Amino acid sequence: MSGGRPLNPAETPGRRRRRRALYRAVLPLLSVHLRLWYGFRVRRAPGAAADLSDCVVVANHVCVLDAPMVAVAARPAVVRFLSLAQNGRNRLYGPVVRALGTVFVGSSLAETREMLRREDEALASGEAVGVFPEGRLSPYARTLGPMAAGAFRIAVMEGVPVVPVALVQRDVPCLNRLRGRPGWEAWVGPALEPGETGGRGERARSLEGRSRAFIEARLAGGDRPTGP
């Protein structure tokens, strides 16, 4: 991402195989870490999507490890997250973020087009695109902030559903409690279809409203868990 490296390089079949192999190797380790540190559990709301492949996954942005939480909740689907370019440039974790197939938001029209091509490729190959529409990380926020429309516009343009995932704080024994912090659980919501009536903007706003309603209901404590 420096020295002339493309922000979102084209993916060859070999690169895709290596990326998916790394993703599937890392995810079980992250799952164990999340379970120990946050007491993390995945919950499924009534009518929840059974398969998160080929969709746009949106979640509230509340923790430095919320992307791994969403990735674990989406299994066995592979999620390619949309992220700021600065996260790919970070010397510590940037190489891993890039290797796992993160799609970076660019600042120019050419970079934006490249980003959209990578997202289109991901959806066409059966992967999910993961987005945190709030943009800014709000650590341990209990309410949902304003959401940008980009994720919902992508779903409309691609004709794929949006699956909302609510990350909810939970009072359970975990290592994070030693720091005076709660644990987390992820609620997987239904697959929200973009529909075929109305303009793109109208359908994107409908997806945003339905996604917000689901996440806010879970944050407010709606529904009981259907799993252990």
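Select Tyr140 to start: in this predicted model, Tyr140 has a relative accessibility of 15% and therefore counts as buried, the limit being under 20%. Its place is the loop between S5 and H6.

Trp184 is buried, with a relative accessible area of 0%. Display both rings: the centres of Tyr140 and Trp184 are 5.4 Å apart and the planes meet at 35°, so this pair is tilted.

How many aromatic pairs does a search of the whole structure find? The search gives 2. For the pair of Phe81 and Phe132, select both residues; their rings are stacked, with 6.1 Å from centre to centre and 10° between the planes.

Pro146 has 72% relative accessibility and so counts as exposed, the threshold being over 50%. Show its surroundings: leaving aside neighbours within four places in sequence, Pro146 is in contact with Pro133, Glu134 and Arg212. For a distance across the model, pick the C-alpha atoms of Pro146 and Glu196: they are 26 Å apart, with 50 residues separating the two along the chain.

Zoom out and colour by secondary structure. The chain has 7 helices and 7 strands, in the order α-β-β-α-β-α-α-β-α-β-α-β-β-α along the sequence. The C-alpha trace spans about 45 × 45 × 25 Å along its principal axes. The radius of gyration is 17 Å, which agrees with the value near 17 Å for a compact globule of 228 residues. Among contacts between residues at least 6 apart in sequence, 75% join residues at least 24 apart.

Last, switch to a surface view. Of the 228 residues, 46% count as buried. The accessible surface comes to about 11,500 Å², and 55% of this belongs to carbon and sulfur atoms. Colouring by charge shows 34 positive and 20 negative side chains, and the centres of the two sets are 7 Å apart.

Terms used
Residues are numbered from 1 along each chain as its sequence is written. This is a predicted model: local features need pLDDT of at least 70, side-chain atom pairs count only at pLDDT 80 or more; totals for chains, interfaces and linings use all residues. Side-chain values use heavy atoms; hydrogens and water are left out. Helices (H or I, at least four residues) and strands (E, at least two) are DSSP runs, numbered from the N terminus. The radius of gyration is taken over C-alpha atoms; the globule rule is 2.2 Å times the number of residues to the power 0.38. Buried means under 20% relative accessible area, exposed over 50%, partly exposed in between (1.4 Å probe, protein chains only). Contact means heavy atoms within 4.5 Å. Accessible areas come from the Shrake-Rupley method with a 1.4 Å probe; for residues, only the protein chains shown count as cover. Lys and Arg count as positive and Asp and Glu as negative; His and the chain ends are not counted. The place of a charge is taken as NZ of Lys, CZ of Arg, CG of Asp or CD of Glu. Rings of Phe, Tyr and Trp (its six-membered ring) pair if their centres lie within 6.5 Å; planes under 30 degrees apart count as stacked, over 60 as edge-to-face and the rest as tilted.
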